[in-house]
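Visitor: I have a protein to look at and I'm new to this. Could you walk me through it?

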Amino acid sequence: MNANTVYDVFLALPEVDKQRHIQLVNEYNTKEKNKLTTAFKKKNREVLFTKQDAIDYLLKNVFTSKKHN
């Protein structure tokens, strides 16, 4: 089924059904937009570290001597 067939079927619907279809499409688009907005907000949360946190991490994990057995 291609877009032209779908459009022809839509045009053949009674006016009440056309309006209902448009309403459902708009509700779906609103829900999808809200999902994207929520996902976008979640992705932009930043984790803030202080300078001391960075120093402690480097001393603990990077600047350590490896012991050979």
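Guide: Here we go through the overall layout first and then look at a few residues, keeping in mind that this is a predicted model.

Visitor: Okay, how many helices and strands does the protein have?
Guide: The secondary structure comes to 3 helices and 0 strands, and read from the N terminus on, the elements run α-α-α.

Visitor: And what pLDDT does the protein average?
Guide: The average pLDDT is 80, and 80% of the residues score at least 70.

Visitor: Switching topic, what share of the residues is buried?
Guide: Buried residues make up 1% of the 69 residues in the protein. The protein exposes about 7,200 Å², and carbon and sulfur atoms supply 58% of that area.

Visitor: Which residues form a nonpolar patch on the surface?
Guide: The patch is formed by I55, Y57, L58, L59, V62 and F63, which together have about 600 Å² of accessible area.

Visitor: Where does I55 lie, then?
Guide: I55 lies in helix α3, which spans residues 51–62.

Visitor: What lies 3.2 Å from the side chain of N2?
Guide: That is the backbone nitrogen of N4, which lies at this distance from a polar atom of the N2 side chain.

Methods. Residues numbered from 1 in each chain as written. Heavy atoms only, no water. Polar contact = N/O pair within 3.5 Å; in protein donor to acceptor, adjacent residues only side chain to side chain. pLDDT = per-residue confidence, 0-100. Patch = residues over 30% accessible without salt bridge, like charges linked within 9 Å, V, L, I, M, F, W, Y side chains within 5 Å. Areas by Shrake-Rupley, 256 points an atom, 1.4 Å probe, with all protein chains shown as cover. Salt bridge = Lys/Arg side-chain N within 4 Å of Asp/Glu carboxyl O. Helix = DSSP H or I, 4+ residues; strand = E, 2+ residues; numbered from the N terminus. Buried < 20%, exposed > 50% of the residue type's maximum accessible area, 1.4 Å probe, protein only.
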